[in-house]
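Let's walk through this protein together, one question at a time. Keep the picture in view as you read.

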Amino acid sequence: MKLFKYEELKSNINGLKFIPNLLEYDNNNDWIENVYMSNIVTNINEKHQKITKEFSEKNKLVLKALIDDLKAKNMFNVILEIGVNRSGEHSSTQFILNNKTKDTKYIGIDMQPGLIASIYSEQQNNYGLATDSSNYDQILKYINSLGVSKIDLFIIDGWHSVNQVVKDWKFTDILNLNGHVLMHDTNYHPGPYCVYEAIDENYYKKEKHLFSELYDWGVATATKIKNY
Ligand SMILES: C[S@@+](CC[C@H](N)C(=O)[O-])C[C@H]1O[C@@H](n2cnc3c(N)ncnc32)[C@H](O)[C@@H]1O
């Protein structure tokens, strides 16, 4: 059973087989679907009380495997993350920063200047831009200004509407071959859920993790196996 009903529109975006178009909801909105894989949880309040905090320990294991893989391939050089450091210890950002040295460049994008300021350290090679992740050209210019043209790990964890995640996906244009994408919140939010389905297997080896974990937001990974 699909959690969200959508039609598949023709795609002009690299790496996506189709553009999802929700049939019952607005593609610009984010919400948590009040339908679960089992009937144990039937209302949103109950779920909110039980669900794991933000980026869970199991999510961290998935991210750690990507980091270890890149390190083993000697390509843990540049990380781009959309959605930065909002959840303290339950944060993908904190986990990345704790697992990198200054040899790896971290670039974060978030609308909230305070969150960017919280990670920014030229000494540690941690950078960030406070802007809407829709601002593709501005962000690309910023990335280039840091001497970067390609990224190795790309984390999508910003605004979880379908339209926004499709826009965010465009940064995979600069993802290196054998580099990884990690999308958070693939279990219940419309953008990550639907865009995961759209990822083209001709270009990516993709996997959904923790999908059967009722109380986890879920993560998906996609490894680029062919250049656009
Ligand atoms: C779920 S939090 C995740 C942050 C981080 N990955 C973590 O684990 O702490 C989502 C973040 O995305 C940011 N955000 C929401 N919409 C955005 C947009 N359109 N552009 C940039 N950032 C956005 C929010 O300010 C928020 O900090």
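This is a predicted model: local features need pLDDT of at least 70, side-chain atom pairs count only at pLDDT 80 or more; totals for chains, interfaces and linings use all residues.

Q: What percentage of the residues is buried?
A: A residue counts as buried if its relative accessible area is under 20%. The protein has 228 residues, and the buried part of them comes to 55%.

Q: Are Y188 and W217 an edge-to-face pair or a stacked one?
A: The structure holds nine aromatic pairs, and Y188 with W217 is an aromatic pair with ring centres 6.2 Å apart. Planes over 60 degrees apart count as edge-to-face. Here the angle between the planes is 85 degrees, which makes the pair edge-to-face.

Q: How many residues apart in sequence are the parts that this pair ties together?
A: Y188 sits in the loop between strand 7 (175-184) and helix 7 (190-198). W217 sits in the loop between strand 8 (204-209) and strand 9 (219-224). So the pair ties together parts whose separation in sequence is 29 residues.

Q: Which residue lies over the face of Y203?
A: Y203 belongs to an aromatic cluster with W169, Y204 and Y228. At 4.9 Å from the ring centre of Y203, the residue over its face is K226.

Conventions:
Residues are numbered from 1 along each chain as its sequence is written. Side-chain values use heavy atoms; hydrogens and water are left out. Buried means under 20% relative accessible area, exposed over 50%, partly exposed in between (1.4 Å probe, protein chains only). Rings of Phe, Tyr and Trp (its six-membered ring) pair if their centres lie within 6.5 Å; planes under 30 degrees apart count as stacked, over 60 as edge-to-face and the rest as tilted. Helices (H or I, at least four residues) and strands (E, at least two) are DSSP runs, numbered from the N terminus. A charge sits over a ring if NZ of Lys or CZ of Arg is within 6 Å of the ring centre and within 35 degrees of the ring normal.
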